[in-house]
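The sequence and the structure are shown below.

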Amino acid sequence: MPRTPIDISVPDLSGKRAVVTGASDGIGLGLATRLAAAGAEVLLPVRNPRKGEAALTAIRRTAPHADVSLRDLDLSSLASVEALGKTLREEGRPIHILINNAGVMTPPDRQTTADGFELQWGTNHLGHFALLAHLLPLLRAGHARVTSQISVAARQGAINWDDLNWERSYDGMKAYSQSKIAFGLLALELDRRSRADGWDITSNLSHPGVAPTSLLAARPEVGRAKDTLGVRLIRALSARGIVVGTVETAKLPALYAATSADAERGRFYGPRGLGHLGGPPGEQQLYSRLRGTEEAQRVWQVSEQLTRVSFPSS
């Protein structure tokens, strides 16, 4: 059965500078394309220059006059995150939109980042935490809206406080859930601290539902030689318009959260379809695991200690 097209309008973003992590393919590329088409200057921090160049070509094919450029970033390396922060601070341009979209999902075997953290914990959460700290002056100057992309996986699981790096008993899905719960708590705590300390930043959350993106596809860099059964099933359902979304619809919650005048700080946006797996974007109830302010403060403090970066105190 053909799908009814789903889309949202994006306001004029001329004069805005936007940064989108994970924009070399999938949802991130779709987000960067829409922001650029709306007039924003869009920066694509990428780990793979070849994929980055292909992304620039794809964006300019859709938006010939797009103002887009690449920067180097490997979120699994705190040195790389720091270097990007230094580069952008030296450029001295305010950042008005930051979409923290990049992530890795369920390597079949435990892997670590350049700094020795479990790969998902270190990339999905700690890398973005450090990026926020290094970009804070530019975000404040731009009165930025920060949108952080989590996952339906944050509905389950918990933060494994006794073994944050999953050294004793690795479970890829549980480690993924942990990284997304922590990341969601971080985004909400960022908004609370911005309110309290006058940072002039607003922060909200989004999730894409379920769609046939590259997260579960063959990814040799995370030890996955072939597509998972899960992504093959998702592709089949998506192609038939059954329950799950498409790559095109999966980007809409983050796009709405990052650009709509109706999207509010401290709120959570995702697909409104059955099970919140697909459909048009809208506000959703916070997952139970994201509601604890004390747990969010603990995540923040531990993240400062592990990354050795800090935010100004009130």
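## Glutamate 118

Glutamate 118 sits in the loop between strand S4 (97–100) and helix H4 (119–141). Helices (H or I, at least four residues) and strands (E, at least two) are DSSP runs, numbered from the N terminus. The model is predicted: local features need pLDDT of at least 70, side-chain atom pairs count only at pLDDT 80 or more, and totals for chains, interfaces and linings use all residues. Residues are numbered from 1 along each chain as its sequence is written, and side-chain values use heavy atoms, with hydrogens and water left out.

Glutamate 118 is buried but has no salt bridge. Buried means under 20% relative accessible area, exposed over 50%, and partly exposed in between (1.4 Å probe, protein chains only). A salt bridge is a side-chain nitrogen of Lys or Arg within 4 Å of a carboxyl oxygen of Asp or Glu. The nearest side chain of opposite charge to glutamate 118 is arginine 110, 6.4 Å away; for charge, Lys and Arg count as positive and Asp and Glu as negative, while His and the chain ends are not counted. Setting aside neighbours within four places in sequence, glutamate 118 has contacts (heavy atoms within 4.5 Å) that include Arg110, Asn165, Trp166 and Tyr170.

## Helix H2

Helix H2 covers residues 49–62, and its 14 residues should span 20 Å at 1.5 Å a residue. The expected span is 1.5 Å times one less than the number of residues. The end C-alpha atoms of H2 are 20 Å apart, which agrees.

Gly52, Ala55, Leu56, Ala58 and Ile59 are buried in H2. They cover an arc of only 165 degrees around the axis, so they lie on the same side of H2; the arc is that of the directions from the helix axis to the C-beta atoms. Among the elements that cover these buried residues are helix H1 (26–37), strand S2 (41–46) and strand S3 (67–72). Arg50 and Arg61 are exposed, on the face of H2 turned away from its buried side. At the start of H2, a side-chain oxygen of asparagine 48 reaches to within 2.9 Å of the backbone nitrogen of arginine 50.

## Salt bridges

The count comes to 13 salt bridges. In one of them, lysine 51 pairs with aspartate 25, with the closest N and O atoms 2.8 Å apart. This pair links distant parts of the chain: lysine 51 is in helix H2 and aspartate 25 is in the loop between strand S1 (17–20) and H1, 26 residues apart. Lysine 51 is partly exposed, at 27% relative accessible area, and aspartate 25 is partly exposed at 25%.

Arginine 71 forms a salt bridge with glutamate 91, the closest N and O atoms being 3.0 Å apart. Arginine 71 is in strand S3 and glutamate 91 in helix H3 (residues 78–91), 20 residues apart. Arginine 71 is buried, with a relative accessible area of 16%, whereas glutamate 91 counts as partly exposed at 31%.

## The whole protein

The protein has nine helices and eight strands. Of its 314 residues, 55% count as buried. Among contacts between residues at least 6 apart in sequence, 73% join residues at least 24 apart.

Note on methods:
A polar contact is a pair of N or O atoms within 3.5 Å; within protein, one must be able to donate a hydrogen and the other to accept it, and residues adjacent in sequence count only if both atoms are side-chain atoms.
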